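Reader: I'd like to learn how to read a sheet and one of its residues. Can you walk me through it?

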Amino acid sequence: MKADQLLRAILPDVLIDNFDVERFEKTADRFDIWLDEKKVQMEDDKYDSSVIAYGFGEYHTIQDFPIRGRDTYLHVRKRKWLDKDSG
């Protein structure tokens, strides 16, 4: 089984399609998974060179359903975009 298939089995498809897993930690009582939004522009902005990726926002923590008896926390951060024309 490939890692992508395993992730799709335990996480929602929308997360796997739109976010990259950056880090994973397992302790005796919990799983922590850090996810960063992929660098994919909206269709309208793809051909507009004034819209650029501009770092990330802060992580937001979401408590998910337990996995194998451990609390599961998803730490998600979205990418920032900058329109150089309008600021």
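**Reading the sheet**

Author: Start with a pair of strands: E1 and strand E2 (residues 30-37) run antiparallel and are joined by 7 bridges. Strands are DSSP runs of E, at least two residues, and helices are runs of H or I, at least four, both numbered from the N terminus. Two strands pair if DSSP finds at least two bridges between them.

Reader: Before I go on, what is the mean pLDDT of the chain?

Author: This is a predicted model, where local features need pLDDT of at least 70 and side-chain atom pairs count only at pLDDT 80 or more, while totals for chains, interfaces and linings use all residues. Residues are numbered from 1 along each chain as its sequence is written, and side-chain values use heavy atoms, leaving out hydrogens and water. pLDDT is the predictor's confidence in each residue, from 0 to 100. The chain's mean is 87, with 89% of its residues at 70 or more.

Reader: In what order do the strands of the open sheet come?

Author: The order is E1-E2-E5-E4, with mixed pairing. Strand E1 (19-26) and strand E4 (60-67) each have a single partner strand, so one side of each lacks a neighbour in the sheet.

Reader: Does Asp36 count as buried or exposed, and what does its side chain touch?

Author: Buried means under 20% relative accessible area, exposed over 50%, partly exposed in between (1.4 Å probe, protein chains only). Asp36, in strand E2, is buried because its relative accessibility is 6%. Its side chain makes a polar contact (N or O atoms within 3.5 Å, one able to donate a hydrogen and the other to accept it; sequence-adjacent residues count only if both are side-chain atoms) with the side chain of Arg77, at 2.7 Å.
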